[in-house]
Amino acid sequence: MRRYLISGNWKMNTTRATAVELAKALVEGARAACDKVDVLIFPPAPYLIPVQDAVAGSAIQVGGQNAYFEAPGAFTGEVALEMLQDVGCQSVLIGHSERRHVLGETDSLINNKVKAALEKGLQVVLCVGELLSEREANQTEEVLDRQMAGGLADVTAEQMADVVIAYEPVWAIGTGRTASPEQAEAAHAHLRNWLTSHYNASVADATRILYGGSVKAANAAELLGQPNVDGALVGGASLKASDFLPIVEAGVSAAG
Ligand code: PEP
């Protein structure tokens, strides 16, 4: 039985004060929900420590939005996986569409990050998703296959226990345009079939596949009700507790 994961990607938002305030509000508001679902937040790197302090003693998990694959050293501006672990992170987001399409990350770089994070024992949330032009050209499945094969190259079936996939159609991220539950379910089912054919049925059955792309309180229940949707990766609606907590509650209801 897959446990729902409701995650919030704060991107390059918040100040130290608002990040701490938001984290504290989530601790209060999601206390009971955390018995039923996993809640994971990705604050900006400079605020990881104060946010970790704010959630200390609660079940809310904190992860990094990105990390570099090399060991600490001469990589100006980068954050090492060891540094994330040093400040208490157990998860890292890799391959977000903004990193792919704004910052130019390739499947090969993403794969290096995925492998290095897994070797360190971190949970990886690997994002995949097609552009609008690719969907319109009926290339969605081809793009997902390429990103899965590229991102997960040389990742073993055992290591997949620490991998979460986030399906995030790029045309739905930050646009207010959400994939319909049917579109999300079709992509998630395709991803699960990919996991069966590239690993095995038990990996496919155990791997959580989150949906991301303009998730909000109004559409969360329907999306989370799809058989292959195991949670959400939420951007804009994760920046206010009053927007995010109802999504967490939708996860609790979906978990039954
Ligand atoms: C995201 O950043 O991963 C995301 C899905 O953003 P939004 O919810 O704002 O579309």
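**View 1. The side chain of N111 reaches the backbone oxygen of A153 at 2.8 Å.** This pair is described here as a polar contact, meaning two N or O atoms within 3.5 Å, where within protein one must be able to donate a hydrogen and the other to accept it, and where residues adjacent in sequence count only if both atoms are side-chain atoms. N111 belongs to helix α5, which spans residues 107-119; helices (H or I, at least four residues) and strands (E, at least two) are DSSP runs, numbered from the N terminus. N111 counts as buried because its relative accessibility is 7%, with buried meaning under 20% relative accessible area, exposed over 50%, and partly exposed in between (1.4 Å probe, protein chains only). The model is predicted, so local features need pLDDT of at least 70 and side-chain atom pairs count only at pLDDT 80 or more, while totals for chains, interfaces and linings use all residues. Residues are numbered from 1 along each chain as its sequence is written, and side-chain values use heavy atoms, with hydrogens and water left out.

**View 2. The ligand sits in the second largest pocket.** A pocket, found on a 1 Å grid over the protein atoms alone, is an open set of points with protein on both sides within 12 Å along at least five of seven lines, and a molecule sits in a pocket if more than half of its atoms lie within 2 Å of its grid points. Of the 14 residues around the ligand, K11, E168, G174, S214 and G235 come nearest, where a residue is near a molecule if one of its heavy atoms lies within 4 Å of it. The shell around the ligand is made up of four nonpolar, eight polar and two charged residues; Ala, Val, Leu, Ile, Met, Phe, Trp, Tyr, Cys and Pro count as nonpolar, Asp, Glu, Lys and Arg as charged, and the others, Gly among them, as polar.

View 3. Of the 290 Å² of accessible area that the ligand has on its own, the protein covers 96%, with areas taken from the Shrake-Rupley method with a 1.4 Å probe.

**View 4. S214 has a positive phi, near 55 degrees, although S214 is not a glycine.** Most residues other than glycine have a negative phi. S214 is found in the loop between β7 (209-212) and α10 (217-224), and S214 counts as buried because its relative accessibility is 17%. N138, also not a glycine, has a positive phi of about 60 degrees; N138 lies in the loop between α6 (132-136) and α7 (140-151) and is exposed, with a relative accessible area of 71%.

**View 5. The side chains of S91 and Q123 make a polar contact of 3.0 Å.** S91 lies in strand β4, residues 91-94, and is buried, with a relative accessible area of 2%. In the loop between α3 (81-86) and β4 is C89, which is buried at a relative accessible area of 3%.

**View 6. H198 lies in helix α8, residues 181-198.** H198 is partly exposed, with a relative accessible area of 47%, and its side chain is joined to that of S197 by a polar contact of 3.5 Å.

Note on methods. 1 Å grid on protein atoms, 1.4 Å probe; cavity = no way out; pocket = protein on both sides within 12 Å on 5 of 7 lines; lining within 4 Å.
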